[in-house]
Amino acid sequence: MIRFDDVSKRYQGGHEALKQVSFELEKGEMAFITGRSGAGKSTLLKLIMLIEQLNQGQILVSGRNINRLPRRQIPYYRRRIGVVFQDHQLLFDRSVFDNVMLPLQIEGYDRHEAARRVRAALDKVGLLDKEKLNPITLSGGEQQRVGIARAVVNRPQILLADEPTGNLDPELAAEIMVLFEQFNQVGVCMLIASHDLSLITRLKHRMLTLNQGRLIKDEHQPSRTAAAVAGTSFASQTASRPASPTGHRT
Amino acid sequence: MTAAAKTRRNNTKIRLSTRQHAVAWLSLHRECAMAALRRLWQQPASSAMTLAVIAIALLLPALLYVTGKNLSQFDNGLAQANLVTVYLQADVDEASIEELQRQMAAHERISSTRYISAAQAATDFAQWSGLGDVVGSLADNPLPASIVIQASDARYETAVQLQETFNGLPGVDFVQMDQLWLQRLDSFLSLAQRAVVALIVVLSLAVLFITGNSIRTSIASREAEIRVMNLIGATNGFIARPFLYSGIWYGLLGGALAWILLALLMLVLRGPATELLAYYGHQYQLQGLGANASFALLGGSAVLGWLGARLSVSRHLTRF
């Protein structure tokens, strides 16, 4: 699904953010990228989203070399990737509903169909009763969930998250991870950048460790879900459902 | 149905027909246009300021155009009446006048003549100028008798020829071509036409820059939104669209405001202008912009607003 071949990225001014990084993420796989601040986690995600251009190597997404994508194709490529930001990047001039609606508006969905999908996404993150509120009135955890709803509303094959739990307390952070696992279970390929080692080591997913731009560790761990860590009744329900990577669309 | 099959079905992207796409696209544009209008309304002070500047910039050429249009009525009216006035000497005798009239009647380039005696001239003048008391108080009538010649055609050369023929004949004081001031009017009008064109060009640029600048400010104030839209896969066209609609609204509303201002001005001027025009005959009336020019004003200003927005968008949206 996502393949890095010897990817290097040097920023203007000479800072080398990534050095010869290679890895491959299978369909429906879930992985964390970890490392200290400045290790290159965000850069790696930005390269996948084509916010930044690499200097060396190549990145294949669904078998396509994304660096050869014509400029005007970039928006259409981005629609297939959901992104969750640390600062959620919500718009405070409109309601929760309209925020989640945005990706569908961009794709030109029929209003009725779009509204149905927005409600489904909001239901998924447990915020259906807050759709009319302005996101500024929500708590940090709720805002992050709105951001997640927006990222998944047009059912992307790939979900990227950059420090999605960076501003949240451990309990809320674990809840967010439960959500991510649920999306993963329906076949969404997940790549999550996080420096919250105490949380992600307990989750037992694949873990890529970056240090000063180099990939120094790539650990495949036996799966232990976030639901078990969070231990809520809601979470344990979903945790018992088996992952079905064959079921997702391509 | 297995769980996997169910998931597959739920994830199947719903395909829209071409017609559904067209309907969605149209409603998107309508919403976009209305949202742009609402945004103008939400910032009444700055919008009003921008619209006022656009309206004034458009009002100037419109005003000049209307002035030219009104003046050209005279051009059309008087060009048909190619008049040459032969002023007679104060001490002219009846025989000379008769001789002159006979010559004129025989002249092939003259279609009609009218003799105006000195007394008639004084009466006419008193009537037209409203200075009857002054004229009446004079001991002698200062006005000469004259013969007004209507030439057979409207050509300037004919008038010149007539002037040359009658100038210097016995009893003739001097011959004046009314064509002369028509010539002046003509050249003034063509000058005014050029001025209108030049003004339209210059002030169109002004409208372009005014809208461009307003759009630049609104792009700056919506930076967060633009960045997010860009990240979640909005095309440049999609991001630019609301700004282009804002530009169209600025232009269109500015043009409408200019039209209203012009109409008010005409209303104020109507009374005095009608009085003035009455002196020159009843066929003259104060004319407004007219339907064609009104549509040109509104359409042109909308296009200018759109162009200004385009300029601004192509300069400032590339940053994101």
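A crossing of two helices is left-handed if the near helix is turned anticlockwise from the far one by less than a right angle, and right-handed if it is turned clockwise. In the predicted model described here, helix α2 of chain B passes α10(B) in a right-handed crossing. The two elements, α2 (residues 18-42) and α10 (residues 236-278) of chain B, pack with their axes 8 Å apart and at an angle of about 60°. On the α2(B) side, the contact is formed by Cys32(B), Ala33(B), Ala35(B), Ala36(B), Leu37(B), Arg39(B) and Leu40(B), which meet Arg241(B), Pro242(B), Tyr245(B), Ser246(B) and Trp249(B) of α10(B).

Chain B as a whole contains eleven helices and four strands. Of its 320 residues, 24% count as buried. Among contacts in chain B between residues at least 6 apart in sequence, 86% join residues at least 24 apart. A pair that is separated in sequence is provided by Gln193(B) and Lys69(B), which are 124 residues apart along the chain, while their C-alpha atoms are 9.5 Å apart in space. Gln193(B) belongs to helix α8 (residues 178-221) of chain B. Because 14 C-beta neighbours lie inside 10 Å, Gln193(B) is classed as partly exposed.

In chain A, six strands form an open sheet with mixed pairing, in the order β6-β7-β8-β3-β9-β10. Its edges are β6 (81-84) and β10 (214-219) of chain A, each of which pairs on one side only. From one strand to the next, the twist averages 15°. Within the sheet, β7 (residues 158-162) and β8 (residues 189-193) of chain A pair in the parallel sense over five bridges. Asp162(A) stands opposite Ala193(A) of β8(A).

Two helices of chain A are described in relation to these strands. Helix α1 (residues 41-49) of chain A lies across β3 (30-34), β6, β7, β8 and β9 (206-211) of chain A, and runs at about 145° to β7(A). Helix α6 of chain A lies across β3, β7 and β8 of chain A, running at about 155° to β8(A). The 16 residues of α6(A), residues 170-185, reach 22 Å from the first C-alpha to the last, close to the 22 Å expected at 1.5 Å a residue. Helix α6(A) is largely enclosed by the rest of the structure, because 13 of its 16 residues are buried. Just after α6(A), Gly187(A) adopts a positive phi of about 105°.

Note on methods: Residues numbered from 1 in each chain as written. Chains lettered and ligands numbered in written order. Predicted model: local features only at pLDDT ≥ 70, side-chain atom pairs only at ≥ 80, totals over all residues. Expected span 1.5 Å × (residues − 1). Buried ≥ 20, exposed ≤ 12 C-beta atoms within 10 Å, placed from the backbone. Contact = placed C-beta atoms within 7 Å. Axes fitted to C-alpha atoms, helices over the stretch in contact; angles between N-to-C directions. Pairing = 2+ DSSP bridges.
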